[in-house]
Amino acid sequence: QRPIVGTPDSIRALDRGRLLEARERYYGASNMVLAVVGRVRQQEMLVKVAAHFSGMAPGRGTLVPEPFAAELPGTRAAEERAGRQQAIIQLAVLAPALGHPDRYPFMVLDTMLGLVSGRIFTEVRVKRGLAYVAGSGLAGFQDTGVWTAYAGTDPQNVDQVSQLLLEELRKAREEPLPPEEVEGAVGHAVGRLIVGSESNSAR
């Protein structure tokens, strides 16, 4: 595991010089976007922005990490026990990074598999009643991405539900996708993107 906030050893190793170096590298004008939302007049806002930010140093430029390898060396498993009432299953695979051309086709595939009306929910919950929640999720980052199929089920059903998740992955990979199903997923993905962009925070 690689905790986002660091480890006790890595945090203790920080000193003032390293913190200032990080600020100089990442917090410069060339790495920042200023967003203004609301009923404003563009020219008036540009004058105010220039007054406050025109003297900011450009910084050292964006540090783009090397992309991860397309394949992992093998399958890895981790298990953590926190109770006996429900088991949470997550099957994760590498997915396209944010700038990868396959990102949007993967979004469509995730929509087909992961919605409440999608294949995973239908097979695991609707047809068999083996889980309260089941679906998938896609997350993209600058250097890589991750796609996860998941389900919450009774501990005694873990093996059966895991096999169902794997079977849906196999079918999505090996069997042709019906054009009408793809078209519906594209429409839903576009609509979700538009609606999700309408809030001030999203903008």
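At what angle do helix α5 and helix α6 pack, and how far apart are their axes?

## Helix packing

In this predicted model, local features need pLDDT of at least 70 and side-chain atom pairs count only at pLDDT 80 or more, while totals for chains, interfaces and linings use all residues. Residues are numbered from 1 along each chain as its sequence is written, and side-chain values use heavy atoms, without hydrogens and water.

Helix α5 (residues 119–126) packs against helix α6 (residues 158–174) at an angle of about 150 degrees, and the axes are 10 Å apart. Helices (H or I, at least four residues) and strands (E, at least two) are DSSP runs, numbered from the N terminus; axes are lines fitted to C-alpha atoms, for helices over the stretch in contact, and angles run from 0 to 180 degrees between N-to-C directions. The angle therefore makes α5 roughly antiparallel to α6 (over 145 degrees).

The contact (heavy atoms within 4.5 Å) involves R119, I120, E123 and V124 of α5, together with V161, L164, L165, E168, K171 and A172 of α6.

## Sheet

Three strands form an open sheet in the order β1-β3-β2, with antiparallel pairing; strands pair if DSSP finds at least two bridges between them. β1 (87–95) and β2 (131–140) are the edge strands, each pairing on one side only.

β1 and strand β3 (residues 145–153) are joined in the antiparallel sense over 9 bridges. L91 stands opposite A149 in β3.

## Helices across the sheet

Helix α4 (residues 103–114) lies across β1, β2 and β3 and runs at about 175 degrees to β2. α5 lies across β2 and β3, at about 160 degrees to β2.

Key:
Angles under 35 degrees count as roughly parallel, over 145 as roughly antiparallel, 65 to 115 as roughly perpendicular and the rest as oblique.
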